[in-house]
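Have the structure open as you read.

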Amino acid sequence: GIIDRTGKLLFEIEFEDIGQFSEGLIYGSKDSLYAYYDKFGMKRIDEKFEEAFSFSNGMAQVQINGKKAFIDPYGKYVIEPVYEELSFFTDSLLVFREGDFYGIMNRRKKIILPATMDEIGTLVNGKAIVVKNDKFGYINDSARVLLQPVYEVYPNFMESAQFSGNYAKAKLKDKYGIIDSKGKWIVPAVYADLGEASAMIAFAKNKKWGYIDLSNKMIVKPVYDYATSISN
């Protein structure tokens, strides 16, 4: 249930699951389906959702009949339940899945990026990684393609290939290098492995690790069994 600061019971202790207030509403389930309630405990939206989430920017994500949707504070669909996956990309843009592919639409359901991507990552410093045919590239916070998906995926690339300032670790023809925000190779893709982009980047050669800088100048010869890029 829900109590106020004085301990007064606002919502009877009868819910199997209950959320937290967001934009004046809270979701709760007494049985198997979720409804939304106002701060007085009055039901605003009937129980009909298999999953429910808090409101943000006037919308809440719900699931009905196995499909994802977004509703407004009165239960009207902003995005109808036709997608198996649906999530916020920004406050005004949504990632959706159509068949096996992902795209981006705005709140008015206008397609900004067609559903052609195998995967769309989250925004980090204004850029998000997108994947197509085992190659990755980048889009900006308006879903505009900044760099086409031409770089080869590698282990943990969704984290390691994020831009640190203007630089990111990329892979081409099975070798690693560092690109800038325009796709120019700052460190050529000639290394068996690299650490993440930084002022001193760990590199692997002949099964040993050393350090180079962003101009590809060797700072420390490869003498270590393993090394990570210098940070702070």
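## A buried lysine and its partner

Let's start with K68: at 13% relative accessibility, K68 counts as buried, where buried means under 20% relative accessible area, exposed over 50% and partly exposed in between (1.4 Å probe, protein chains only). Keep in mind that this is a predicted model, in which local features need pLDDT of at least 70 and side-chain atom pairs count only at pLDDT 80 or more, while totals for chains, interfaces and linings use all residues. Residues are numbered from 1 along each chain as its sequence is written, and side-chain values use heavy atoms, with hydrogens and water left out.

K68 has a salt-bridge partner in E51, with the closest N and O atoms 3.9 Å apart. (A salt bridge here is a side-chain nitrogen of Lys or Arg within 4 Å of a carboxyl oxygen of Asp or Glu.) The two sit in distant parts of the chain, 17 residues apart: E51 belongs to strand β7 (residues 51–52) and K68 to strand β9 (residues 67–71). Strands, like helices, are DSSP runs numbered from the N terminus (E, at least two residues, for strands; H or I, at least four, for helices). E51 is partly exposed, at 30% relative accessibility.

## The sheet around it

Which strands make up the open sheet, and in what order? There are four, running β7-β8-β9-β10 with antiparallel pairing. Two strands count as paired if DSSP finds at least two bridges between them. The edges belong to β7 and β10; each has a single partner strand, so one side of each is left without a neighbour in the sheet.

β9 and β10 pair in the antiparallel sense over three bridges.

S56 is 14 residues from F70 in sequence, and their C-alpha atoms are 10 Å apart.

How many salt bridges does a search of the whole structure find? Ten. One of them joins E85 and R97, with the closest N and O atoms 2.9 Å apart. E85 lies in the loop between β10 (77–83) and β11 (86–88) and R97 in strand β12 (residues 93–98), so the pair ties together parts twelve residues apart in sequence. R97 is buried at 18% relative accessible area, whereas E85 is partly exposed at 33%.

Another pair is D225 and K208, at 2.7 Å from N to O. D225 is in the segment after β25 (218–224) and K208 in strand β24 (residues 208–212), 17 residues apart. D225 is exposed at 62%, and K208 is partly exposed at 31%. Back at R97, salt bridges with shared partners join K67, E84, E85 and R97 into one network.

The largest nonpolar core has 23 residues, and I129, F136, Y138, F157, I179 and L194 touch the most other members. (A nonpolar core is a set of buried Ala, Val, Leu, Ile, Met, Phe, Trp, Tyr and Cys residues joined through side-chain atoms within 4.5 Å.) Its largest share, three residues, comes from β20. Apart from this core lies another, of 13 residues, among them L25, Y27, Y34 and F55.
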